[in-house]
Amino acid sequence: MAAYGDDSGFAAWLAGQGLTLPVGAPAVAILRQIGSAYLDAAYGAKLGCSRRAGGFTQALEWPRSGHVINGETVPSDLIPQAWIEASYRAAYLEGSSKGWATTGVDASRQVKRQKVASIEREFFSASESAGTDAAAGMPSDSIINGMVKPWLCSGVRRMTDLFRVI
């Protein structure tokens, strides 16, 4: 199975962050695969302004073709270092808290408003809350969100989007 980065890169990232995996955590290669799968599942839908460089059979979302950041085209063989490190963070979170990246929230089971006696509380779903670009129902981490946000498509329409040659 494909994963971003490599085992030695993940080990170096952990050391650089002053982090260690707990005893009994899954193998580093497995954690990297889970972290990569999480990242692509949580943020891949927001890369729709470009396409996978290797076509639809490409295992991971990156590298991408036609991706533009701040007016500059991203090379079609580039996997952003921030994306790799975000996958490492997701791998670390999964290794530290089993199920972090592999469990989601069942939107049909969420309580939006709850009243007990005279106390009333109101909750918001992940898709309604500010500060996350992760797909609805996916766990979110503010550090991961900050790392990948610059690489996500803006969702803002440009004038060129209005005119298509048919």
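Which residues of the largest nonpolar core touch the most other members?

1. The model discussed here is predicted. Its largest nonpolar core has 30 residues, and those touching the most other members are Tyr-38, Leu-39, Tyr-43, Trp-83 and Ile-144. At least two residues of this core come from each of helix 1 (7-17), helix 2 (28-43), helix 3 (81-96) and helix 4 (142-148). Helix 3 gives the largest share, eight residues. In soluble globular proteins, nonpolar side chains tend to be buried together.

2. Tyr-38. Leaving aside residues up to four places away in sequence, Tyr-38 touches Tyr-43, Ala-90, Trp-100, Ala-101, Ala-134, Met-138, Pro-139, Ser-140 and Ile-144. Two of these partners, Tyr-43 and Ile-144, are named with Tyr-38 among the core residues that touch the most other members.

3. Fold content. The protein chain has five helices and six strands. Read from the N terminus, the order of its elements is α-α-β-β-β-β-α-β-β-α-α.

4. Burial and surface. The protein chain has 166 residues, of which 34% count as buried.

5. Contact range. Among contacts in the protein chain with a separation of 6 or more, 61% join residues 24 or more positions apart.

6. Helix 1 against helix 3. How do these two helices pack, and at what angle? Their axes are 10 Å apart and the angle is about 75°. Because angles of 65 to 115 degrees count as roughly perpendicular, helix 1 and helix 3 are roughly perpendicular to each other. Helix 1 makes the contact through Gly-9, Phe-10, Trp-13 and Leu-14, and helix 3 through Glu-85, Tyr-88, Arg-89, Ala-91 and Tyr-92. By class, the residues of this contact are six nonpolar, one polar and two charged.

7. Ala-25. Is Ala-25 buried, exposed or partly exposed? The relative accessible area of Ala-25 is 23%, so this residue is partly exposed; the cut-off for buried is under 20%. Ala-25 lies in the loop between helix 1 and helix 2. The C-alpha atom of Ala-25 is separated by 9.1 Å from that of Ser-97, a residue 72 residues apart from Ala-25 along the chain.

Terms used:
Residues numbered from 1 in each chain as written. Predicted model: local features only at pLDDT ≥ 70, side-chain atom pairs only at ≥ 80, totals over all residues. Heavy atoms only, no water. Core = buried A, V, L, I, M, F, W, Y, C linked by side-chain atoms within 4.5 Å. Buried < 20%, exposed > 50% of the residue type's maximum accessible area, 1.4 Å probe, protein only. Helix = DSSP H or I, 4+ residues; strand = E, 2+ residues; numbered from the N terminus. Contact = heavy atoms within 4.5 Å. Axes fitted to C-alpha atoms, helices over the stretch in contact; angles between N-to-C directions. Parallel < 35°, antiparallel > 145°, perpendicular 65-115°, else oblique. Nonpolar A, V, L, I, M, F, W, Y, C, P; charged D, E, K, R; others polar.
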